[in-house]
Amino acid sequence: MSSSSYRAMAEKAKARAEDKFRSNDVRGARVQALKAQSLFPALPGLAQALTAYNVHLAAATRKLPSGGTDWHAVLDVPPTAGTDAIKKKFKRLCLLTHPDKNPSAAADGAFKLVVRAWDAISSSSSSSAASAAASCESQSSGFESRRRSTRSDSGSGFADGARKPSTGGSSSSSNSNANSGSGPQPGRSAASQESFDGSCGATHVVPYCLHCGANSGLRFTFERSGFLDVRIICPSCKKMYRCHMGIRLSS
């Protein structure tokens, strides 16, 4: 058969597609349009008509689990598509379905569905972005609150039953002990040295640096059992270390 014969058959199939669409048979209209495309793909107005039928069919048949229209399917993009990809597809569909560019009877309704799909997806994306921003701000506020609380606890020594560490005479005493070679004893925490004062029933905890072994210059005094968890900057090597230990005093 000659090319003109195929074109004539394609034109008849396209006319049948328009008739079926006017009778609300969108699926039948798409079938006839695909038949016309297989006969003569370059038929003027066929690609635009087929696009309009696809938009109508997606809006009528593609639904979300909630029962609403799947607007991503109307624009023929996956739900995970980014904003740029959706915008690009939206502009292309607008050109193909605009009534001034598309003579099909399905053009006007398809163009309105494309615009509606873009509006729905855009508003949904804006709501999701706003919710994500609010969640991020809430998490950030909670983190900042915990950080301030931690810093406040650090200032008080993190100790239950401990006096505020002294940096005067007791530090010089501790330093003299460190200079005389009395570092951490075997069986004790590597970060501290404890001594028991029998006269007042108190325990003194002197932290030593985990990095270089230097005396911290701080002494924590416990008059009852407690818990020490404090971060200290070593005055010698300038590194931060953590003194973490439980203190149990015999009754």
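Reader: Is Asn24 buried or exposed in this structure?

Author: Two conventions come first. The model is predicted, and local features are therefore described only at pLDDT of at least 70 and side-chain atom pairs only at pLDDT 80 or more, while totals for chains, interfaces and linings use all residues. Residues are numbered from 1 along each chain, and side-chain values use heavy atoms, without hydrogens or water. A residue is called buried under 20% relative accessible area, exposed over 50%, and partly exposed in between (1.4 Å probe, protein chains only). Asn24 is exposed because its relative accessible area is 69%.

Reader: Where does Asn24 lie, and what is the value of its phi angle?

Author: Asn24 sits in the loop between α1 (3-22) and α2. Its phi is near 65 degrees, which is a positive value in a residue other than glycine. Asp76 is placed in the loop between α4 and α5, and it counts as exposed because its relative accessibility is 57%.

Reader: How many helices and strands does the protein chain have?

Author: Helices (H or I, at least four residues) and strands (E, at least two) are DSSP runs, numbered from the N terminus. The protein chain has seven helices and five strands. Along the sequence they follow the pattern α-α-α-α-α-α-α-β-β-β-β-β. Of the 251 residues of the chain, 34% count as buried.

Reader: How much of the contact in the protein chain joins residues 24 or more positions apart?

Author: A contact is a pair of heavy atoms within 4.5 Å. Among the contacts of the protein chain with a separation of 6 or more, 50% are between residues 24 or more positions apart.

Reader: Which residues does Gln32 contact, apart from its neighbours within four places in sequence?

Author: Gln32 belongs to helix α2 (residues 26-39). With those neighbours left aside, its contacts are Ala13, Arg16, Ala17 and Lys20. Gln32 is buried because its relative accessible area is 13%. Thr51 counts as buried because its relative accessibility is 15%, and beyond its neighbours within four places in sequence it contacts Leu93, Leu96 and Thr97.

Reader: How far apart in space are Gly109 and His98?

Author: Gly109 and His98 are 9.4 Å apart, C-alpha to C-alpha, and 11 residues apart in sequence. Gly109 is found in helix α6 (residues 107-155). Gly109 is partly exposed because its relative accessible area is 26%.

Reader: How many aromatic pairs are there?

Author: A pair of aromatic rings is described by the distance of the centres and the angle of the planes. Rings of Phe, Tyr and Trp (its six-membered ring) pair with centres within 6.5 Å; planes under 30 degrees apart are stacked, over 60 edge-to-face, and the rest tilted. The count by this rule is two. One of them, Phe90 with Trp118, is stacked, at 4.9 Å centre to centre and 15 degrees between the planes. This pair links distant parts of the chain, since Phe90 is in helix α5 and Trp118 in helix α6, 28 residues apart. Phe90 is buried because its relative accessible area is 15%, and Trp118 is buried because its relative accessible area is 19%.

Reader: What is the volume of the largest pocket, and which residues are closest to its centre?

Author: A pocket is an open set of points on a 1 Å grid over the protein atoms alone, where a 1.4 Å probe fits with protein on both sides within 12 Å along at least five of seven lines; lining residues have an atom within 4 Å of a point. Points join across faces, edges and corners, and the volume is the space filled by probe spheres set on them. The largest pocket has a volume of about 320 Å³. It is lined by 19 residues, of which Asn54, Ala73, Val74, Leu75 and Asp76 are the closest to its centre.

Reader: Which helix gives the most to the lining of the largest pocket?

Author: α3 gives the most to this lining, with six residues. At least two lining residues come from each of α3 (46-61), α4 (71-74) and α5 (83-97).
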